[in-house]
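Please read it alongside the sequence and the model.

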Amino acid sequence: MNDLNKSWQDFCSNGDFLNFTRTWETGSEESFESSLSNGLKIRLYDIGILQIIPKSPSASYVLISSGVHGNETAPIEIVDKMVKDIWADKLEVKVNLMFIIGNPPAMNISKRFKIQNLNRLFSGRYQSIVNNDSKPDYECERARIIEQSVTDFFTVTLDQKTEKIINPIRYHFDLHTAIRPSKHEKFVVYPYLDERPWDKNHIAFFGGSDITTVLLGNQPAGTFSYYSSNRFNALSATVELGKVMPFGENDMNSFIGIDSNLRRLIRDEAPVIKPFNNTDYKVFEVKQDIIKTNDDFKLLLGDDVKNFTSFDKGTLLASDGNDESYTVEKDGEAIVFPNNNVPVGQRVGVLLQPVKL
Ligand SMILES: [Zn+2]
């Protein structure tokens with residue numbers, strides 16, 4: 001038995017998903033299937049991509065991803081604890097379930113990514129990246145493997161017993177933490193829905209999870225949540241849970257709301273909801289991405305500026321000192337994800353405007 005096989009056997013008995021993923025970081029090139037002592041079947045598509053199959057067929061498909069940015073540890077700890085609790089029969093699985101730790105090598109070096117931002121490469125965008133050595137880099141290869149695994153997971157076949165097509169409900173929660181502190185500590189980013197309407201019941205799920213700030217995407221993107229939403233009609237969201245901290249330093253109490261509601265979903269129980277209205281929720285629409293157009297282009301904001309800081313009309317937000325700049329056009333416009341440390345052509349921040357749904 002090789003070491004990976006041995007580790008897999010150990011994982012099947014101890015449920016230590018984080019440790020197993022950390023040890024084997026870059027991939028297995030083979031998948032594994034096993035039955036646990038509690039009767040659940042599990043499948044590992046690749047390192048950090050774990051499916052759990054319920055004992056009875058279910059029409060619900062729940063994907064919970066973490067660590068798409070490797071240094072965002074709180075979501076990884078949330079997922080790791082869920083897996084341990086499933087192994088220990090403290091969390092019953094009644095839906096089709098997939099957990100992903102997105103970028104294990106970046107996690108192991110406490111970095112956002114190894115070569116490039118994985119959350120820009122989905123919906124096949126990894127294919128258009130050409131490297132000097134014409135070999136896909138780690139994140140491109142990882143995006144491809146994740147897409148393949150998710151496609152397999154979300155592609156519904158006939159119920160083997162009844163031979164009926166199950167009408168599936170698909171959920172995707174892509175859990176993150178932000179680089180900067182935020183005026184609204186937790187918020188969800190809804191991927192652009194193309195022709196589909198906003199689902200206020202889905203928003204109510206987040207309200208019931210203590211998350212009442214909502215940001216609506218305005219265009220297709222290379223994010224994981226846009227991919228699952230667009231490709232599979234999943235109820236998808238990028239969920240921002242607070243500030244980045246090292247492993248072991250997260251205040252897990254501050255995630256109880258979302259953790260409990262996700263566990264209800266896994267047990268196929270009704271979640272806690274907070275019905276949507278424009279008073280209890282703060283909704284922003286993306287006005288535009290502010291793109292770094294040249295090496296000198298940068299946001300003119302201090303390092304301490306918080307996500308959702310808003311500005312008065314006329315404020316100069318970004319400039320290269322010459323021709324390129326951005327000035328606030330309306331009172332109340334706000335910034336999120338400010339980050340000058342990106343290559344030319346990528347965004348240094350996202351400009352928002354408040355809206356009512
Ligand atoms: Zn992130």
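1. Strand 7, helix 6 (residues 200–207) and strand 8 form a right-handed β-α-β unit. Right-handed here means that, with the strands pointing away from the viewer, the path from the first strand over the helix to the second runs clockwise. Helices (H or I, at least four residues) and strands (E, at least two) are DSSP runs, numbered from the N terminus.

2. The model is predicted: local features need pLDDT of at least 70 and side-chain atom pairs count only at pLDDT 80 or more, while totals for chains, interfaces and linings use all residues. Residue numbers start from 1 along each chain as its sequence is written.

3. Within this unit, strand 7 (residues 187–190) and strand 8 (residues 213–216) run parallel and are joined by three bridges; two strands pair if DSSP finds at least two bridges between them. Val189 has Leu215 of strand 8 as its bridge partner. Strand 8 also pairs in the parallel sense with strand 10 (residues 282–291), over four bridges, and there Leu215 has Phe284 as its bridge partner.

4. Strand 6 (residues 169–178) is mostly covered, with eight of its ten residues buried. A residue is buried if 20 or more other C-beta atoms lie within 10 Å of its own, exposed if 12 or fewer, and partly exposed in between, with C-beta atoms placed from the backbone. Strand 4 (residues 60–66) runs parallel to strand 6 and is joined to it by six bridges; Ser60 has Ile169 as its bridge partner in strand 6.

5. Helix 7 (residues 224–232) is largely enclosed by the rest of the structure, because seven of its nine residues are buried. These are Phe224, Ser225, Tyr226, Tyr227, Ser228, Ser229 and Phe232. The buried residues of helix 7 pack against strand 4, helix 5 (138–154), strand 6 and strand 9. Asn233, which follows helix 7, has a positive phi, near 55°.

6. Which residues touch the most other members of the largest nonpolar core? Of its 79 residues, they are Leu50, Ile64, Val79, Phe99, Val188 and Leu215. Helix 3 (residues 73–87) gives the most to this core, with eight residues. The core lies between domain 1 (3–266) and domain 2 (291–355), because both give residues to it. A nonpolar core is a set of buried Ala, Val, Leu, Ile, Met, Phe, Trp, Tyr and Cys residues joined through C-beta atoms within 7 Å.

7. Leaving aside neighbours within four places in sequence, Leu50 is in contact with Phe17, Ile42, Leu44, Met98 and Phe99. Contact means that the C-beta atoms of two residues, placed from the backbone, lie within 7 Å.

8. The C-alpha centres of domain 1 and domain 2 lie 30 Å apart; the domain bounds come from an automatic or database domain assignment. Eight residues from domain 1 and eight residues from domain 2 take part in the contact.

9. An open sheet of three strands has the order 11-13-14, with antiparallel pairing. Strand 11 (298–299) and strand 14 (325–327) stand at the edges, each with a single partner strand, so one side of each is left without a neighbour in the sheet. Strand 11 pairs with strand 13 (residues 316–319) in the antiparallel sense over two bridges, and Leu299 has Ala318 of strand 13 as its bridge partner.
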